[in-house]
Amino acid sequence: ATVIAHVETAAKVARVEALGADVVLSDGFDTLAAHVRQANGGRGVDTVFDGVGRASWDASIASLAKRGLMVSYGNASGAVPPVEPLALTRAGSLFLTRPTLFDYIDTVDRRRAAAARLFDMIGSGKVPVEVGQTFPLADAAKAHQALADRATTGSTVLLP
């Protein structure tokens, strides 16, 4: 797969490139789809994974190739507006899914198996874990504000 990533600030470009993205864009959502298509030979991409939500919705849909898959999994900027099925047709017979983790790990055995696979991948180095910043638990509001301001990288950990 060719990975095209989007970050809000130019300061995060090198970091995401180092993580293995093939193309990293840091423009606004108003020009994002055009730049995604430019990076992909004009055709659009097969799949978009969107954790931002409302602010990125239109750009994500416009970035998809015909019969592309939109995976909407987050609401960082607010909930996605209601979607009319005809809009997916007009945009190229698109597919839309809104997965939630707990539908995939809905039994104790599935949770244990998923956790074992994840920790095996972490242990092998295939999934690096980076704590970007820590906050005392008493400063949880500051941690939440840093996340909302998109001023974090890696994991944010609250400490006792």
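Biologist: Between which elements does Asp-27 lie?

Modeller: The structure is a predicted model. In this model, Asp-27 belongs to a loop, and the elements on either side of that loop are strand 2 (23-25) and helix 2 (29-39).

Biologist: Is Asp-27 buried or exposed?

Modeller: The relative accessible area of Asp-27 is 18%. Buried means under 20%, so at 18% Asp-27 is buried.

Biologist: With which side chain does the side chain of Asp-27 make a polar contact?

Modeller: Not counting residues up to four places away in sequence, Asp-27 touches His-6, Leu-32 and His-35. A polar contact, at 2.2 Å, joins the side chain of Asp-27 to that of His-35.

Biologist: How many salt bridges does the model contain?

Modeller: One of them pairs Arg-43 with Asp-46, with the closest N and O atoms 2.8 Å apart. Another pairs Arg-110 with Asp-106, at 2.6 Å between the closest N and O atoms. The side chains of Arg-15 and Glu-130 also meet in a salt bridge, at 3.0 Å from N to O. The count of salt bridges is 3.

Biologist: How many residues apart are Arg-15 and Glu-130, which meet in a salt bridge?

Modeller: Arg-15 sits in helix 1 (residues 13-18), whereas Glu-130 sits in the loop between helix 6 (108-124) and strand 6 (131-136). The pair therefore links distant parts of the chain, with a separation of 115 residues.

Notes. Residues numbered from 1 in each chain as written. Predicted model: local features only at pLDDT ≥ 70, side-chain atom pairs only at ≥ 80, totals over all residues. Heavy atoms only, no water. Helix = DSSP H or I, 4+ residues; strand = E, 2+ residues; numbered from the N terminus. Buried < 20%, exposed > 50% of the residue type's maximum accessible area, 1.4 Å probe, protein only. Polar contact = N/O pair within 3.5 Å; in protein donor to acceptor, adjacent residues only side chain to side chain. Contact = heavy atoms within 4.5 Å. Salt bridge = Lys/Arg side-chain N within 4 Å of Asp/Glu carboxyl O.
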